[in-house]
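User: I'd like to learn how to read a structure feature by feature. Could you walk me through this one?

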Amino acid sequence: MSADPSLISVTAKVAAYYRQFTDIPFAREAAERIGADAAFEQILSEHGLDRDQLTFYAPMFEARYKSLTQLLLAGAPQVLELASGYSLRGLDLTCSGAIHYVETDLPNVVAEKLRLLEDLRQQHELPQSPRHRIAPADALSLDQIRAAAASLDTGQPLTVLCEGLIMYLSKQETERLAVNILELLRRFSGGRWLTPDFTFRAEAKDLPPARVRLREAITGVTQRQIDASSFEDGQDLEAFLARSGFRVEVRSQVDETPSFSSLDALALPPATIDRLRPALRVWVMTPA
Ligand SMILES: C[S@@+](CC[C@H](N)C(=O)[O-])C[C@H]1O[C@@H](n2cnc3c(N)ncnc32)[C@H](O)[C@@H]1O
């Protein structure tokens with residue numbers, strides 16, 4: 001049996017913590033309101049980690065978020081985001097424009113997210129958009145993600161997105177996720193699945209020590225072995241996706257990211273991006 005998935009929720013606060021060092025809309029206020037600093041501090045102090053040695057995570061979270069947003073802006077009439085945590089892309093993209101956005105997470109996160117959205121709408125005097133919905137849904141339950149997507153138009157293409165989820169899943173759960181997404185996409189008139197989440201075993205061997213220690217800390221907190229879902233390499237992943245019924249295209253997160261604001265905010269050298277570039281990918285999958 002896998003550990004309680006709600007233990008993974010604290011990682012959503014870590015992502016929100018790092019996004020506050022960027023110019024991503026609402027990121028700073030969100031981090032403040034959900035107590036991201038305190039949640040991250042608890043992980044650091046319990047595991048003897050040094051915050052200053054981990055600043056390079058900020059451009060990683062920035063690239064991950066911004067590259068996905070760019071891919072959506074390039075053409076996605078409707079989006080289902082799985083495991084959206086405290087990310088505010090749904091709010092941002094439905095403030096203007098025509099995109100329909102449904103975001104989901106586990107019930108405990110959705111309850112806190114609804115309060116956060118309410119606060120931000122009040123603060124920024126934003127009306128509730130009928131094009132933005134938030135619903136609890138376990139990404140591993142086809143019934144629940146289908147119910148979450150029920151308000152979307154099956155006559156239009158759908159983009160399903162998950163960011164920062166697959167690294168906490170087992171191999172079996174990753175297979176279940178792929179089956180669910182394919183099944184859902186088949187009900188729509190075209191569509192795709194976007195994720196930056198796949199990892200390769202060979203690359204995990206070369207991680208800097210500070211990163212290894214944070215991953216160990218996160219494994220302790222979530223009781224999930226990070227990257228249990230890892231693939232051997234790109235070929236292994238492609239074979240898995242082909243078996244699951246997807247064609248795949250790989251893009252560079254760095255190339256899709258219009259600007260890196262966290263470098264200046266944290267006085268990081270531009271070379272940080274070159275060092276991170278090879279591992280920062282985003283996969284675009286369409287039903288075969
Ligand atoms: C690292 S956070 C990422 C959150 C957000 N996508 C971001 O980038 O900030 C992982 C998220 O996955 C959610 N999660 C874990 N297991 C899940 C499941 N089975 N179904 C839906 N969400 C899940 C957690 O609650 C958490 O919000």
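User: Which residues of H10 are buried?

Analyst: This is a predicted model, and in it the buried residues of helix H10 are Ala 210, Arg 211, Leu 214, Arg 215, Ala 217, Ile 218, Thr 219 and Thr 222. They pack against helix H1 (10-19), helix H3 (36-46), H4 and helix H9 (201-204).

User: What does the length of H10 tell me?

Analyst: Compare the expected span with the one in the model. H10 covers residues 209-222, and at 1.5 Å a residue its 14 residues should span 20 Å; the end C-alpha atoms are 20 Å apart, so the two agree. Just after H10, Gln 223 takes a positive phi of about 55°.

User: And how far does H4 reach from its first C-alpha to its last?

Analyst: Helix H4 (residues 57-73) has 17 residues and reaches 24 Å, close to the 24 Å expected at 1.5 Å a residue. Just after this helix, Gly 75 has a positive phi of about 150°.

User: Why is H4 described as largely enclosed by the rest of the structure?

Analyst: Because 15 of its 17 residues are buried. Here, buried means under 20% relative accessible area.

User: How do I describe two helices that pack together?

Analyst: Two packed helices are described by the angle between their axes and the distance between the axes. Take H1 and H4: their axes come within 8 Å and cross at roughly 100°. That angle makes H1 roughly perpendicular to H4. At this crossing, Ala 15, Tyr 18 and Arg 19 in H1 meet Tyr 57, Ala 58, Phe 61, Arg 64 and Tyr 65 in H4.

User: At what angle do H2 and H6 cross?

Analyst: The axes of helix H2 (residues 27-34) and H6 cross at roughly 130° and come within 11 Å. H2 is therefore oblique to H6. Their crossing is right-handed. On the H2 side you will find Glu 29, Ala 30, Arg 33 and Ile 34, which meet Glu 112, Leu 116, Asp 119, Leu 120, Gln 123 and His 124 in H6.

User: Let's turn to the strands. In what order do they form the sheet?

Analyst: First the general idea: strands of a sheet pair through backbone hydrogen bonds, either parallel or antiparallel. In this model, 7 strands form an open sheet with mixed pairing, in the order E3-E2-E1-E4-E5-E7-E6. Strand E3 (132-136) and strand E6 (246-252) are the edge strands, each pairing on one side only. On average, neighbouring strands of this sheet are turned by 20° against each other, direction ignored.

User: Which helix packs on the sheet by touching E2 and E3?

Analyst: That is helix H6 (residues 107-124), which touches strand E2 (100-105) and E3; the direction of H6 makes about 155° with that of E3. Helix H11 (residues 234-243) lies across E5, E6 and E7, and runs at about 140° to E6.

User: In which sense do E5 and E7 pair?

Analyst: Strand E5 (residues 191-195) and strand E7 (residues 281-287) pair in the antiparallel sense, over 3 bridges. To find this pairing on screen, look for Leu 194, which stands opposite Val 284 in E7.

User: Where does Pro 287 lie, and what is it in contact with?

Analyst: Pro 287 lies in strand E7. It is partly exposed, with a relative accessible area of 23%. Leaving aside neighbours within four places in sequence, Pro 287 is in contact with Leu 182, Leu 185, Gly 191, Gly 245, Phe 246 and Arg 247. Pro 287 and Arg 247 are 40 residues apart along the chain, while their C-alpha atoms are separated by 6.2 Å.

Note on methods
Residues numbered from 1 in each chain as written. Predicted model: local features only at pLDDT ≥ 70, side-chain atom pairs only at ≥ 80, totals over all residues. Heavy atoms only, no water. Pairing = 2+ DSSP bridges. Helix = DSSP H or I, 4+ residues; strand = E, 2+ residues; numbered from the N terminus. Axes fitted to C-alpha atoms, helices over the stretch in contact; angles between N-to-C directions. Contact = heavy atoms within 4.5 Å. Expected span 1.5 Å × (residues − 1). Buried < 20%, exposed > 50% of the residue type's maximum accessible area, 1.4 Å probe, protein only. Parallel < 35°, antiparallel > 145°, perpendicular 65-115°, else oblique. Left-handed = near helix turned anticlockwise from the far one by under 90°.
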